Amino acid sequence: MAQQEDIFKKVVSHCKEYGFVFPSSEIYDGLGAVYDYGQNGVELKNNIKQYWWQYMVLLHENIVGIDSAIFMHPTIWKASGHVDAFNDPLIDNRDSKKRYRADVLIEDQIAKYDEKIEKEVAKARKRFGDSFDEAQYRATSARVLEDQAKRDALHQRYQEVMNAEGGIDLEGLKQIILDEEIVCPISGTRNWTDVRQFNLMFKTEMGAAAEGASTIYLRPETAQGIFVNYLNVQKTGRMKVPFGIAQIGKAFRNEIVARQFIFRMREFEQMEMQFFVKPGTELQWFEEWKKRRMAWHQALGFGAENYRFHDHDKLAHYANAATDIEFKMPFGFKEVEGIHSRTNFDLSQHAKYSGKKIEYFDPEDNTSYTPYVIETSIGVDRMFLSVMCHSYCEEKLEGGDTRVVLRLPAALAPVKLAVFPLTKKDGLPEKAHEIINDLKFHFNCKYEEKDQIGKRYRRQDAIGTPFCVTVDNQTLEDNTVTLRYRDTMEQERVNIADLRGIIEDQVSITSLLKNLK
Ligand code: ATP
């Protein structure tokens with residue numbers, strides 16, 4: 001674990017050092033949980049967004065995109081339930097003055113039991129070798145059974161408290177924290193305040209005060225922009241249920257505890273899709289979208305073992321199924337995407353609050369209904385973080401040297417090809433520019449002439465550039481260059497005319513989409 005945390009720290013400083021992510025307003029000492037993307041970060045981020053958009057919108061005939069405004073009519077957030085219920089339960093430690101999410105403290109405690117059990121099992125596996133019967137061990141080991149019983153009891157109690165009549169039982173939450181003897185990681189004490197609810201929406205004013213300014217909110221999710229445009233899109237696009245509307249955009253949440261770099265930000269970006277279906281078919285579609293979204297993640301080639309589904313213990317009152325896709329970050333399996341079966345809650349609420357009829361007339365059986373909705377919602381920044389964490393690699397080379405290489409899927413890499421003149425003279429820079437001028441229409445190229453070739457390779461490895469080309473004196477004679485591959489570091493002599501053919505397919509988003517069929 002310590003080693004993993006170490007890697008996470010390295011990823012964070014790598015992101016800064018190589019122009020991926022900077023703390024926002026850094027020269028003013030930063031702004032909590034707000035970050036800026038640098039010259040390489042923005043390219044990687046755009047590629048992630050393209051991969052999502054092309055899969056969702058281009059490959060699905062019945063999904064279209066929109067781009068709705070961040071500012072919306074304030075009643076939308078009343079209708080959606082966010083004004084009354086978009087809260088997190090917070091608790092303070094009186095000694096450290098640190099603030100925590102009470103639910104997260106308890107979930108971490110459950111995870112600790114799980115870890116303990118897994119450690120026991122791993123130890124036994126090692127001890128018994130080939131003859132190890134895991135199922136039998138789990139069913140009979142006194143230690144495992146004891147921990148499992150404690151874990152299950154805690155889990156059960158937590159569920160009851162979170163799903164209490166009339167909303168979360170705040171006193172019950174605190175009691176669990178006291179009974180489990182959970183301590184503040186900073187002060188090490190159990191001197192906790194009561195648990196309070198805290199609304200996560202940012203407010204601002206629209207219009208000058210004298211004219212009667214109204215309070216509006218920065219949207220905490222992009223989904224509502226889709227719901228309130230359901231009729232517009234369905235009618236103008238002549239969409240037939242089942243169909244989906246996709247959107248990528250910023251969302252804002254005044255998170256209580258901002259931790260783990262870009263994992264939890266106050267301003268972030270979401271890629272959401274609402275899929276409108278006939279009532280009664282939603283659970284089939286829920287399963288279908290679980291499969292499709294998991295396949296999208298796995299097509300990046302990071303290994304199936306690094307993903308898992310985590311079904312929700314606490315269902316929002318309007319949801320009838322919900323799961324998260326979790327990715328193995330250096331700090332454990334964490335949610336990257338949520339998939340929710342939201343029933344017809346949102347559309348019905350907007351119909352009620354706006355007074356407009358929001359229904360679908362189904363020509364197949366001459367009925368009208370309010371469609372049910374399956375939502376897939378993924379954070380661009382969390383996806384970015386998972387890609388960075390998985391790709392970051394420190395490699396020992398022959399001769400004792402080390403290199404840091406970002407093994408990004410080539411289609412996501414910020415720069416696809418770097419072109420180096422061996423020296424700054426003899427017309428080599430001009431030749432290098434000529435190559436770039438030809439290829440830059442097809443993919444992102446970068447010119448580099450500073451430092452020795454070895455150093456230039458390292459710099460490109462560190463930002464994940466899959467291909468480098470060196471132009472030397474022989475190039476001027478026979479139009480060949482040395483092509484060097486990031487992952488294997490192999491080099492070969494190729495014709496300039498062949499470069500596009502070798503590189504283009506491998507670096508295009510299409511290459512990823514083809515993994516998906
Ligand atoms: P969490 O439980 O981690 O707060 P959530 O369940 O509230 O997340 P959703 O409302 O389902 O998250 O949002 C969908 C997705 O948006 C999440 O899976 C995540 O990728 C992203 N997301 C949500 N909150 C943040 C945040 N503060 N910073 C970055 N990404 C976020």
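This note sets out numbered points on the predicted model shown above.

1. Basis. The model is predicted, so local features are reported only at pLDDT of at least 70 and side-chain atom pairs only at pLDDT 80 or more, whereas totals for chains, interfaces and linings use all residues. Residues are numbered from 1 along each chain as its sequence is written, and side-chain values use heavy atoms, with hydrogens and water left out.

2. Ligand shell. The ligand is surrounded by 16 residues, and the closest are Glu 255, Arg 264, Met 265, Glu 335 and Val 336; a residue counts as near if one of its heavy atoms lies within 4 Å of the molecule.

3. The side chain of Arg 253 places an N or O atom 3.0 Å from an oxygen atom of the ligand. For Arg 264, a polar side-chain atom is 2.8 Å from a ligand oxygen atom. Met 265 contributes through its backbone, with a polar atom 2.8 Å from a nitrogen atom of the ligand. The protein buries 85% of the 590 Å² that the ligand exposes when taken alone (Shrake-Rupley method with a 1.4 Å probe; for residues, only the protein chains shown count as cover). Strands S10 (267-277), S13 (332-341) and S16 (372-379) are the elements giving two or more residues to the shell; the largest share, 5 residues, comes from S13. Helices (H or I, at least four residues) and strands (E, at least two) are DSSP runs, numbered from the N terminus.

4. Helix H18. Ile 509, Leu 512, Leu 513 and Leu 516 are the buried residues of helix H18 (509-516), where buried means under 20% relative accessible area, exposed over 50% and partly exposed in between (1.4 Å probe, protein chains only). They line one face of the helix, because seen down the axis of H18 they fall within an arc of 100°, the arc being that of the directions from the helix axis to the C-beta atoms. An α-helix has 3.6 residues a turn, so residues three or four places apart point the same way. The face turned away from the buried side of H18 carries the exposed Lys 514 and Asn 515. Cover for the buried residues of H18 includes helices H2 (39-58), H11 (282-298) and H17 (496-507), by contact (heavy atoms within 4.5 Å).

5. Gln 224. This residue lies in helix H9 (223-227) and is buried at 0% relative accessibility. Its side chain makes a polar contact of 3.1 Å with that of Asp 346. Residues touched by Gln 224, not counting those up to four places away in sequence, include Met 72, Trp 77, His 82, Arg 342 and His 350.

6. Backbone geometry. Most residues other than glycine have a negative phi, and most peptide bonds are trans. Ser 25, not a glycine, has a positive phi of about 50°; Ser 25 lies in the loop between strands S1 (21-23) and S2 (35-37) and is partly exposed at 33%. Thr 343 also has a positive phi of about 50°, sits in the loop between S13 and helix H12 (345-354) and is buried at 14%. The peptide bond from Val 241 to Pro 242 is cis, with omega near 5°.

7. Cysteines. The count is 0 disulfides, a disulfide being a pair of cysteine sulfur atoms within 2.5 Å. The sulfur of Cys 15 is too far for a bond because the closest cysteine sulfur, in Cys 389, is 7.8 Å away.

Conventions: Polar contact = N/O pair within 3.5 Å; in protein donor to acceptor, adjacent residues only side chain to side chain.
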